[in-house]
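Look at the sequence and the model below. Then read on for a short tour, from the whole chain down to pairs of side chains.

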Amino acid sequence: MNIGDSHIVGASFIGLVKTVLIIIGAFIALRFLGGLMIAKRNMEEERESLKKEKDFLKEKNEKLKNFGKVKVTKEKPKGDVVDVDFEEVK
């Protein structure tokens, strides 16, 4: 065996170890980034859920405050609203 052959074997072993370490490092980095993205998504969902709950409670309180009051407007009603004459049910 020549001296040049042992350097090639040593260099390829070191290259293999470096490649394996790079692959392991890439997997660790991807797992870390994945965890950060999941945490970010969960925080956005929680923020959106709290906003919906806050809007719901605000609308509920507003409806309870105006419950039983009559509101007369000159605007056309939205949707399919039909005014009918009063009929007494027997």
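Does R47 count as buried, partly exposed or exposed, and at what relative accessibility? R47 counts as partly exposed, because its relative accessibility is 48%. Here, buried means under 20% relative accessible area, exposed means over 50%, and partly exposed lies in between (1.4 Å probe, protein chains only).

## About the model

This is a predicted model: local features need pLDDT of at least 70, side-chain atom pairs count only at pLDDT 80 or more, and totals for chains, interfaces and linings use all residues. Residues are numbered from 1 along each chain as its sequence is written, and side-chain values use heavy atoms, with hydrogens and water left out.

## The whole chain

The protein chain has 1 helix and 0 strands. Both are DSSP runs, numbered from the N terminus: helices are H or I with at least four residues, strands are E with at least two. Helix α1 covers residues 3-65.

How many of the 90 residues count as buried? The share is 0%. The accessible surface of the chain comes to about 9800 Å². Carbon and sulfur atoms hold 63% of that surface. Accessible areas come from the Shrake-Rupley method with a 1.4 Å probe; for residues, only the protein chains shown count as cover.

## A nonpolar patch

Eight names make up one surface patch: F13, I14, L16, V17, V20, L21, I24 and I28. The patch is nonpolar, and its members share about 770 Å² of accessible area. A patch takes residues with over 30% relative accessible area and no salt bridge; nonpolar side chains (Val, Leu, Ile, Met, Phe, Trp, Tyr) are joined within 5 Å, like charges within 9 Å.

F13 sits in helix α1. F13 counts as exposed because its relative accessibility is 55%.

## Salt bridges along the helix

A salt bridge is a side-chain nitrogen of Lys or Arg within 4 Å of a carboxyl oxygen of Asp or Glu. The count comes to 4 salt bridges.

R47 pairs with E44, and their closest N and O atoms are 2.8 Å apart. Both lie in helix α1, 3 residues apart, about one turn of the helix. E44 is partly exposed, at 42%. K52 and E48 also form a salt bridge, at 3.6 Å from N to O. They are 4 residues apart in helix α1, about one turn. K52 is exposed, at 56%, whereas E48 is partly exposed, at 47%. D55 bridges to K51, with the closest N and O atoms 3.2 Å apart. K51 is exposed, at 53%, and D55 is partly exposed, at 37%.
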